[in-house]
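Please look through the structure shown here, beginning with the strands and then turning to the aromatic rings.

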Amino acid sequence: MKLILCKNYEEMSEKAAFEIAELVKKESKCTLGLATGSTPVGTYQRLIDMYNGGELDFSGVTTFNLDEYYPINPDNDQSYDYFMRKNLFDHINVKKENVNIPRGSAVDPGEECNRYEELVRTSNPVDIQILGIGVNGHIGFNEPGEYLHASTHITDLTESTISANARFFESEDDVPKKAITMGIGTILRAKKIILLANGKAKHNAISALLDEKITSDIPATLLKVHNNVILICDEEAYYG
């Protein structure tokens with residue numbers, strides 16, 4: 001695992017955006033795996049800035065998002081579909097038909113999980129997968145537990161994840177209690193994985209990621225079996 005240690009959130013975002021931009025410039029028809037939450041927002045803004053400056057062309061890029069709340073309508077302003085449009089897609093020239101996000105409004109979530117997993121599996125491999133990390137070590141919505149799922153699945157969110165996401169809703173009661181998420185195996189099929197972390201709250205999870213142990217109690221530690229992972233974090237996440 002390669003570590004890029006940054007002074008702050010802004011530098012972390014710059015480094016991540018640079019990695020993505022270099023790929024898009026080199027491979028115009030690349031595939032990006034994208035994450036939501038506050039961590040990658042700065043990275044997306046820098047990609048928008050580069051696009052507006054004429055440096056990047058996303059017209060040939062395909063994207064797959066990690067996860068989506070369930071149940072939720074894509075027009076709900078707390079859906080990850082809405083988040084991605086607001087924070088990236090509406091500001092670049094990515095084609096709508098090349099954007100893939102789990103359908104949080106699907107009638108049958110199990111069927112939707114199978115559909116999405118098959119779509120990821122049969123498309124070109126993800127060239128770069130962007131990940132954040134939860135305070136409990138989750139990646140995507142793969143929550144700590146005795147067992148982890150390999151493929152896309154529907155999962156119950158833990159209390160700590162619900163509490164962490166409550167800041168985006170009017171109250172904690174409004175936070176969906178389930179989500180559709182790529183599984184650990186789905187994530188690990190990416191050619192390169194970039195994990196972003198900032199802030200003191202992520203220190204324990206990052207410390208676990210950097211030691212030798214692998215445990216389903218901290219799902220992010222499964223990334224240690226991948227041969228091309230870059231951890232980009234700020235000093236607060238690294239030093240605590």
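A residue is called buried when its relative accessible area is under 20%. In this predicted model, strand S10, which covers residues 229-234, has 6 of its 6 residues buried, so the strand is largely enclosed by the rest of the structure. Val229, Leu231 and Cys233 point one way from S10, while Ile230, Ile232 and Asp234 point the other way, and all are buried.

Two strands can be followed as partners of S10. Strand S1 (residues 2-6) pairs with S10 in the parallel sense over 5 bridges, and within this pairing leucine 5 stands opposite cysteine 233. Strand S9 (residues 192-197) also runs parallel to S10 and is joined to it by 5 bridges, with leucine 195 standing opposite leucine 231. From S9 the chain crosses through helix H7 (residues 203-210) to S10, and this β-α-β crossover is right-handed.

The aromatic rings form another part of the picture, with a count of 7 aromatic pairs. Tyrosine 69 and tyrosine 80 form one that is tilted, at 4.7 Å centre to centre and with 35° between the planes; it links strand S4 (residues 67-70), where tyrosine 69 lies, to helix H3 (residues 80-87), where tyrosine 80 lies, 11 residues apart. Both of these tyrosines are buried.

Tyrosine 69 also forms a tilted pair with phenylalanine 141, at 5.8 Å centre to centre and with 35° between the planes, and here the partners are 72 residues apart, phenylalanine 141 being in the loop between strand S6 (128-131) and strand S7 (153-156). Phenylalanine 141 counts as buried because its relative accessibility is 2%. Tyr69, Tyr80, Phe141 and Phe169 form one aromatic cluster.

How values were computed
Residues are numbered from 1 along each chain as its sequence is written. This is a predicted model: local features need pLDDT of at least 70, side-chain atom pairs count only at pLDDT 80 or more; totals for chains, interfaces and linings use all residues. Side-chain values use heavy atoms; hydrogens and water are left out. Rings of Phe, Tyr and Trp (its six-membered ring) pair if their centres lie within 6.5 Å; planes under 30 degrees apart count as stacked, over 60 as edge-to-face and the rest as tilted. Helices (H or I, at least four residues) and strands (E, at least two) are DSSP runs, numbered from the N terminus. Buried means under 20% relative accessible area, exposed over 50%, partly exposed in between (1.4 Å probe, protein chains only). Two strands pair if DSSP finds at least two bridges between them. A crossover is right-handed if, with the strands pointing away from the viewer, the path from the first strand over the helix to the second runs clockwise.
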